[in-house]
Amino acid sequence: MSRLLSRQAVREILTGAALLCCALALVCWPREVSASVKSGLELCYNVIIPSLFPFFILTSLVISLGLAGYLGRLLEPVMRPLFLLGGSCAAVLALGFVGGYPVGARAALTLYESGQCSKTEAERLLAFCNNSGPAFILGVVGAGVFADSRVGVLLCLTHAAASICVGLLFRFYRWRDPASRSERVVRPIAVQRFSAAFTSAVKDALQSILNICAFVVCFTVIIQLCFRSGILPALAGLLGEALAPLGFTPVWAERLLTGALEISSGVWSLAGEGSLSGRVSMAAFMLGWAGVSVHCQVLSFLGQSGLNVRTYIGGKFLHGLISAALIAGLFRLFPQDGAVSSYLAWQVAGIAATDFHTALTVSTAAAWVIFLAFLAAAAAGIRKARRRT
């Protein structure tokens, strides 16, 4: 079979047949396709553009104005022992946690193109810096899907913890390769004028937003066509039978496949029936994996950069597995009496009682407090080094 698919003529025939099927599907379900396009555009207008456009501008300004480089010199004693990354990568990590995907990936690429990190460092950073923002987890998943802000807080904490775990694991990526060690060169910090940096940031942000919106609308239509044509239910049935020993059913398999393609549709499918622990664990996996739609958005940024995308894909898959394992472990350690375990409810009662906007503010503030803690620790390390010398 692999030899047959390796032939160019066979690949062209299969590609042509797939395109023909897509054209027939567009003709057979024009109203459904039109409704999917409208819903995708509404999602872009109401969620994507307002939440990501300012962060794209901020990302470019932080790097173009040299702020990441200046902070990097202070944060080097913290970032390198933990993640084997330069201190400049700390700014990218913070933006990835606060801005949501694909802000972190875009920031990592910008840092690499500006020469403030090496190729290996950029590949390590891509593996764990592209995370879901607290707005999506707390608002859409916690309050919207599960109607429980405590679940949103729990998912937000495990999502961040799993990301850090992936970063610690990818510390060993090419760490013994002499080429990866010698490729890191300390360069002077290049600072652009604010006028040039601002105009360039706005133009780049607009192009990035258009790419993202195009993929969001495209995958909204693809998922609709897969449902209408019966492809997704059929694949879910086969996957459910294959994973039946693990307790999977076709319904759970369909949810998993939907989330693997597009995260928003996947998490909304979890609002139905099923055990809370299973639904929250699957939501954690979807948030860590991010979906093929997000991956295509990131790949559109990488383009001809030469960065290895396998580290990014592997990191996201590992992120999903660790997140799901953490959630499953917490539910096993603390048996639930209600929506979540009484112990966890007691632990986060103060945050869970607040509304979404307050929780989002607290989460964002906490992210920057952690970032400032890195900065304080780095400054203390520099002072100790100066005293010794």
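Helices here are DSSP runs of H or I with at least four residues, strands are E runs of at least two, and both are numbered from the N terminus. By that rule the chain has 20 helices and zero strands. This is a predicted model, in which local features need pLDDT of at least 70 and side-chain atom pairs count only at pLDDT 80 or more, while totals for chains, interfaces and linings use all residues. Residues are numbered from 1 along each chain as its sequence is written, and side-chain values use heavy atoms, with hydrogens and water left out.

**View 1. The whole chain, to get our bearings.** Of its 389 residues, 44% count as buried, meaning under 20% relative accessible area with a 1.4 Å probe and protein chains only, as against over 50% for exposed and partly exposed in between. Take the contacts (heavy atoms within 4.5 Å) between residues at least 6 apart in sequence: 77% of them join residues at least 24 apart.

**View 2. Helix α5, residues 89–99.** Here 11 of the 11 residues are buried, so the helix is largely enclosed by the rest of the structure. Among them are Cys89, Leu93, Phe97 and Gly99.

**View 3. The largest nonpolar core, with 79 residues.** Such a core is a set of buried Ala, Val, Leu, Ile, Met, Phe, Trp, Tyr and Cys residues joined through side-chain atoms within 4.5 Å. Leu125, Phe146 and Leu155 touch the most other members. Helix α15 (residues 276–289) gives the most to this core, with nine residues. Look around phenylalanine 146 and, beyond its neighbours within four places in sequence, you will find contacts with Val141, Val151, Leu155, Leu276, Arg279, Val280 and Ala283.

**View 4. Glutamate 123 in helix α7 (residues 119–126).** This glutamate is buried, with a relative accessible area of 1%. Leaving aside neighbours within four places in sequence, glutamate 123 is in contact with Tyr173, Arg174, Gly306, Leu307, Asn308 and Thr311. Leucine 307 is 184 residues from glutamate 123 in sequence, yet their C-alpha atoms are 6.3 Å apart.

**View 5. Glutamate 262, in the loop between α13 (250–261) and α14 (263–268).** A polar atom of the glutamate 262 side chain lies 2.9 Å from the backbone nitrogen of serine 265.

Methods:
A polar contact is a pair of N or O atoms within 3.5 Å; within protein, one must be able to donate a hydrogen and the other to accept it, and residues adjacent in sequence count only if both atoms are side-chain atoms.
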